[in-house]
Amino acid sequence: MSSPITPIFTKDGVPPIGPYSQAVKAQGLVWVSGQMAANSKGELIVGTVTEKAHHICNNAKVVLEAAGSGLEKVVKVTIFFADLDDFGEFNQVYAEYFPHKPARSSLEARRLPAGVTLEMELVALA
């Protein structure tokens, strides 16, 4: 019997920095782990909030596509900010990738993994 949970991994995505999957498929949904501004070697991107936001959204796109989904199927997004003052600049980029306006939560976190300043997790239809 196969597991009802399918781990997703793509070499084109950011490698996990811990014991977790880039995403999992279960019950008709894709649950994407927190995406950060890094390349497929795991090297962090240094730059503006705008540059980091583009990397994060593209990283999410790559993982979703590996799962057979896409950004247009995203139903819920959670964004973690090290500094909530970055909210407006991030939104400018986010709106380009999510014109269908999925449900979303945003919050400021005191510390994020690997010292990043932004992280985004998503849930999408498979």
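Which residue's side chain does glutamate 65 meet in a salt bridge? Before I answer, a word on what we are looking at: this is a predicted model, in which local features need pLDDT of at least 70 and side-chain atom pairs count only at pLDDT 80 or more, while totals for chains, interfaces and linings use all residues. Residues are numbered from 1 along each chain as its sequence is written, and side-chain values use heavy atoms, with hydrogens and water left out.

The partner is lysine 61, whose side chain meets that of glutamate 65 at 3.3 Å, N to O; a salt bridge here is a side-chain nitrogen of Lys or Arg within 4 Å of a carboxyl oxygen of Asp or Glu. Both residues lie in helix H1, residues 49–66, where they are 4 residues apart, about one turn of the helix. Helices (H or I, at least four residues) and strands (E, at least two) are DSSP runs, numbered from the N terminus. Glutamate 65 is partly exposed at 44% relative accessibility, and lysine 61 is partly exposed as well, at 34%; buried means under 20% relative accessible area, exposed over 50%, and partly exposed in between, with a 1.4 Å probe and protein chains only.

The count comes to 2 salt bridges, and another one joins the side chains of lysine 11 and aspartate 12 at 3.4 Å, N to O. Here lysine 11 is exposed, with a relative accessible area of 63%, whereas aspartate 12 is partly exposed at 47%.

Now for a charged residue without such a partner. Aspartate 86, in the loop between S4 and H2, is buried yet has no salt bridge, and the nearest side chain of opposite charge, that of lysine 52, is 6.9 Å away. In this count Lys and Arg are positive and Asp and Glu negative, with His and the chain ends not counted.

Let me turn to the interior. A nonpolar core is a set of buried Ala, Val, Leu, Ile, Met, Phe, Trp, Tyr and Cys residues joined through side-chain atoms within 4.5 Å. The largest one has 27 residues, of which Phe90, Phe98, Met120 and Leu122 touch the most other members. Strand S3 (29–35), H1, strand S4 (74–81), helix H2 (87–97) and strand S6 (118–125) each supply at least two residues of this core, and H1 gives the most, with 7 residues. Apart from this core lies another, of 7 residues, among them Val14, Met36, Phe80 and Leu112.
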